[in-house]
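Have the structure open while you read.

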Amino acid sequence: MPYDEPADLIGSCEATLDTLGLLLGDLSEEVAESPGDWTITQVLNHLLDTENRYIARVRRMRREDRPAMRMMPDPDYIKLSLLKAWTLFYELRKRHLKLLRSLKPAEWRRSGTLGAVGNISIAGLVRHMAAHDAMHTAQIARRLSGRPG
């Protein structure tokens, strides 16, 4: 099978939905907290907030010539219930995947500047998104297994 970075990145980001769906299953309440660790609800709120940032950045880089984007501070991640945060994240990620699938090959190389990070392309941002997903999905798995987050 030929190497296709955009397809691999999209597949990784889509896999997050399957993995989280399986991990969360019919989870109806929060897993007991460990001091200093985020709850699963906080992780899902964080993923939702971050997804909003990522999709906005992809849209800007697609339509603007080298936009300057800011890093945003993390808000308090207890605003939505576990189920509401998961539902909104799922719906937003599906829209984001549709946007990514619509990008032409040259658009994956479009870029902007992101705060202290510097120059970043759409492909680089989505690569970071896939890594960010993996880190927080593993964090949820650890919480469900009873290990520290």
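**Notes on the fold, sheet and pocket**

1. The protein chain has four helices and three strands, where helices (H or I, at least four residues) and strands (E, at least two) are DSSP runs numbered from the N terminus. Starting at the N terminus, the order of elements is α-α-β-α-β-β-α. Of its 149 residues, 40% count as buried, with buried meaning under 20% relative accessible area, exposed over 50% and partly exposed in between (1.4 Å probe, protein chains only).

2. A word on the ground rules. This is a predicted model, in which local features need pLDDT of at least 70 and side-chain atom pairs count only at pLDDT 80 or more, while totals for chains, interfaces and linings use all residues. Residues are numbered from 1 along each chain as its sequence is written, and side-chain values use heavy atoms, with hydrogens and water left out.

3. Now the sheet: it is open, has three strands in the order β1-β2-β3, and its pairing is mixed. The edge positions go to β1 (68–69) and β3 (118–121), each with a single partner strand, so one side of each has no neighbour in the sheet. Two strands are taken to pair if DSSP finds at least two bridges between them.

4. How does each pairing look up close? β1 runs parallel to β2 (residues 111–114) over two bridges, and Ala68 sits opposite Thr113 in β2. Between β2 and β3 the sense is antiparallel, over four bridges, with Gly112 opposite Ile120 in β3. β2 and β3 make a hairpin with three residues between them, and Gly115 in the turn has a positive phi of about 35°.

5. Have a look at Arg66 too, in the loop between α2 and β1. Arg66 has a positive phi of about 50° despite not being a glycine. Its relative accessibility is 45%, so Arg66 counts as partly exposed.

6. A polar atom of the Arg143 side chain lies 2.4 Å from the backbone oxygen of Trp38. For reference, a polar contact is a pair of N or O atoms within 3.5 Å; within protein, one must be able to donate a hydrogen and the other to accept it, and residues adjacent in sequence count only if both atoms are side-chain atoms.

7. On to the largest pocket, which holds about 210 Å³ of space. Its lining has 14 residues, and Thr50, Tyr54, Arg57, Met71 and His128 are the closest to its centre. The elements giving two or more residues to this lining are α2 (40–63) and α4 (122–145), and α2 gives the most, with five residues. A pocket here is an open set of points on a 1 Å grid over the protein atoms alone, where a 1.4 Å probe fits, with protein on both sides within 12 Å along at least five of seven lines; lining residues have an atom within 4 Å of a point. The volume is the space filled by probe spheres set on the points.

8. Last, the aromatics. There are two aromatic pairs in the structure, pairs being rings of Phe, Tyr and Trp (its six-membered ring) whose centres lie within 6.5 Å. Trp86, Phe89 and Tyr90 make up one aromatic cluster.

Key:
Phe/Tyr/Trp six-rings, centres within 6.5 Å; stacked < 30°, edge-to-face > 60°.
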